Amino acid sequence: MKKSRPSSDVVITAYPNGPLLVRGDVEILEASGEPVPQRRRTMALCRCGASTIKPFCDGSHKLIGFRTEAPQEDES
Ligand code: FES
């Protein structure tokens, strides 16, 4: 059975071991309220904390081995 999607122009996809991909017409603001310049309607937001261009992803998650799930414990 296919899940229904809420009616929205914005879709956020959490990529395993990577960023949040935001598709749609959204505005990102700094804490000061100033808008963060955006160049595209689709953007990747960092959730690993290592990006040098926050709030956007720069691919650093791969370099630091960021994982969205805890590693399986060895039961041997
Ligand atoms: S999620 Fe890609 S740099 Fe943080």
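S60 is found in helix α1. The model we are looking at is a predicted one. Its chain has 1 helix and 3 strands, and from the N terminus on these elements run β-β-β-α.

**Around S60**

- S60 has a relative accessibility of 13%, and because the cut-off for buried is under 20%, this residue counts as buried.
- Leaving aside residues up to four places away in sequence, S60 touches A50 and S51.

**The sheet**

- The 3 strands form an open sheet in the order β1-β2-β3, with antiparallel pairing.
- β1 and β3 are the edge strands, each pairing on one side only.
- On average, neighbouring strands of this sheet are turned by 20° against each other, with direction ignored.
- Between β2 and β3 the antiparallel pairing runs over 4 bridges.
- V22 has its bridge partner in β3, namely M43.

**The nonpolar core**

- V22 and M43 also turn up together in the largest nonpolar core, which has 6 residues.
- M43 touches L20, L21, V22, V26, I28, Q38 and F56, not counting residues up to four places away in sequence.

**Backbone points worth a look**

- Most residues other than glycine have a negative phi, and most peptide bonds are trans.
- N17 has a positive phi of about 60° although it is not a glycine.
- You will find N17 in the loop between β1 (11-14) and β2 (20-23).
- N17 counts as partly exposed, because its relative accessibility is 27%.
- The peptide bond from K54 to P55 is cis, with omega near 15°.
- P55 sits in the loop between β3 (42-45) and α1 (60-64), the helix in which S60 is found.

**The chain as a whole**

- Of the 76 residues in the chain, buried residues make up 20%.
- The chain exposes about 6,500 Å², and carbon and sulfur atoms supply 50% of that area.
- Taking contacts between residues at least 6 apart in sequence, 25% join residues at least 24 apart.

Methods:
Residues are numbered from 1 along each chain as its sequence is written. This is a predicted model: local features need pLDDT of at least 70, side-chain atom pairs count only at pLDDT 80 or more; totals for chains, interfaces and linings use all residues. Side-chain values use heavy atoms; hydrogens and water are left out. A nonpolar core is a set of buried Ala, Val, Leu, Ile, Met, Phe, Trp, Tyr and Cys residues joined through side-chain atoms within 4.5 Å. Buried means under 20% relative accessible area, exposed over 50%, partly exposed in between (1.4 Å probe, protein chains only). Contact means heavy atoms within 4.5 Å. Helices (H or I, at least four residues) and strands (E, at least two) are DSSP runs, numbered from the N terminus. Accessible areas come from the Shrake-Rupley method with a 1.4 Å probe; for residues, only the protein chains shown count as cover. Two strands pair if DSSP finds at least two bridges between them. Axes are lines fitted to C-alpha atoms, for helices over the stretch in contact, and angles run from 0 to 180 degrees between N-to-C directions.
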